[in-house]
Amino acid sequence: MTAWGNDLRFAQQAGVAVDVRLFDGQRFQTGVAEVDEETGSVSLYRPQTLGDTTTRVRVNLDDITSLAVTDIQWGQP
């Protein structure tokens, strides 16, 4: 398991948001839907409207330049 994978999986299990920055400058502060280390990717929630948790974006773990686990609650308590 990678360092990013550990932090992302922890955030998913704890139900908190992550602050993810990518090499191309994109930034996401959102919840983690799924971590798939076999394919080297993470699926992040990307709500289009308040409360919409069905829209997701897939990010390669290798594209992450920084990651911070926040204390912001995300999803089901």
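Does Glu-34 count as buried, partly exposed or exposed, and at what relative accessibility? Glu-34 counts as partly exposed, at 34% relative accessibility, where buried means under 20% relative accessible area, exposed over 50% and partly exposed in between (1.4 Å probe, protein chains only). This is a predicted model, in which local features need pLDDT of at least 70 and side-chain atom pairs count only at pLDDT 80 or more, while totals for chains, interfaces and linings use all residues. Residues are numbered from 1 along each chain as its sequence is written, and side-chain values use heavy atoms, leaving out hydrogens and water.

**Salt bridges overall**
- The structure holds three salt bridges, each being a side-chain nitrogen of Lys or Arg within 4 Å of a carboxyl oxygen of Asp or Glu.

**Glu-34 and Arg-58**
- Glu-34 forms a salt bridge with Arg-58, and their closest N and O atoms are 3.7 Å apart.
- This pair links distant parts of the chain, with Glu-34 in strand 3 and Arg-58 in strand 5 (residues 56–60), 24 residues apart.
- Helices (H or I, at least four residues) and strands (E, at least two) are DSSP runs, numbered from the N terminus.
- Arg-58 is partly exposed, at 47% relative accessibility.

**Glu-37 and Arg-9**
- A salt bridge joins Glu-37 to Arg-9, with the closest N and O atoms 3.5 Å apart.
- Here too the pair links distant parts of the chain: Arg-9 sits in helix 1 (residues 3–14), and Glu-37 in the loop between strand 3 (32–36) and strand 4 (41–45), 28 residues apart.
- Glu-37 is partly exposed, with a relative accessible area of 24%, and Arg-9 is partly exposed at 24% relative accessibility.

**Asp-19 and Arg-27**
- Asp-19 and Arg-27 meet through their side chains in a salt bridge (2.8 Å, N to O).
- Asp-19 is buried, with a relative accessible area of 13%, whereas Arg-27 is partly exposed at 45% relative accessibility.
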